Amino acid sequence: AFQRELLLNDFEAEHIKYIEKKDAYLFHSMSLTPFILSNRTIAILCAYHTETNQFSEHDVLMLKVLADYLCLSAREGEF
């Protein structure tokens, strides 16, 4: 579903489930949080870390809050 975040705590092992196969990557943990802007543009808030297992459930929750803030801020800027 679009509104679910994607958390990769070990990019090298997990990325082929979601992303095309790529060589080793600089970042090993990722959190991808989708949101929709008021003009129906799809945006994704991406957070990366160079080490594995760096995002907790609290981090994911805070990134969702930040994505909501960015969505609201973008709407405010349209007026």
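Modeller: Start with Ser31. Ser31 is buried, because its relative accessible area is 0% and the limit for buried is under 20%. Keep in mind that this is a predicted model. Ser31 sits in strand β2, which covers residues 29–36. What does Ser31 touch, leaving out residues up to four places away in sequence? The contacts are Leu6, Leu7, Leu45, Cys46, Ala47, Phe55, Val60 and Leu63.

Now the sheet itself. It is open, has 3 strands and runs in the order β1-β2-β3, with antiparallel pairing. β1 (6–8) and β3 are the edge strands, and each of them pairs on one side only. Neighbouring strands are turned by 15° against each other on average, with direction ignored.

Take the two pairings in turn. β1 and β2 are antiparallel and share 3 bridges. Within that pairing, Leu8 has Met30 of β2 as its bridge partner. β2 and β3 are also antiparallel, over 8 bridges. Here Pro34 stands opposite Ile44 in β3. β2 and β3 form a hairpin, with 5 residues between them. Arg40 lies in that turn and has a positive phi of about 70°. Most residues other than glycine have a negative phi.

Asn53 has a phi near 55°, and Asn53 is not a glycine. Asn53 belongs to the loop between β3 (42–49) and α2 (57–77). Is Asn53 buried or exposed? Asn53 is exposed, because its relative accessible area is 55% and the limit for exposed is over 50%.

Next, the packing. In soluble globular proteins, nonpolar side chains tend to be buried together. In this model the largest nonpolar core has 8 residues: Phe35, Ala43, Leu45, Ala47, Phe55, Leu63, Ala67 and Cys71. Two or more of these residues come from β3, and two or more from α2. Go back to Ser31 for a moment. Its contacts include Leu45, Ala47, Phe55 and Leu63, and those four residues are part of the core.

Cys71, a core member, is buried, with a relative accessible area of 10%. Cys46 touches Ser31, yet Cys46 is partly exposed at 37%. How many disulfides does the model have? The count is 0.

One more residue lies outside the strands. Arg4 is in the segment before β1. Arg4 counts as exposed, because its relative accessibility of 62% is over 50%. Arg4 and Lys64 are 60 residues apart in sequence. In space, their C-alpha atoms are 9.7 Å apart.

Last, confidence. The mean pLDDT of the protein chain is 79, and 78% of its residues reach 70 or more.

Conventions. Residues are numbered from 1 along each chain as its sequence is written. This is a predicted model: local features need pLDDT of at least 70, side-chain atom pairs count only at pLDDT 80 or more; totals for chains, interfaces and linings use all residues. Side-chain values use heavy atoms; hydrogens and water are left out. Helices (H or I, at least four residues) and strands (E, at least two) are DSSP runs, numbered from the N terminus. Buried means under 20% relative accessible area, exposed over 50%, partly exposed in between (1.4 Å probe, protein chains only). Contact means heavy atoms within 4.5 Å. Two strands pair if DSSP finds at least two bridges between them. Axes are lines fitted to C-alpha atoms, for helices over the stretch in contact, and angles run from 0 to 180 degrees between N-to-C directions. A nonpolar core is a set of buried Ala, Val, Leu, Ile, Met, Phe, Trp, Tyr and Cys residues joined through side-chain atoms within 4.5 Å. pLDDT is the predictor's confidence in each residue, from 0 to 100. A disulfide is a pair of cysteine sulfur atoms within 2.5 Å.
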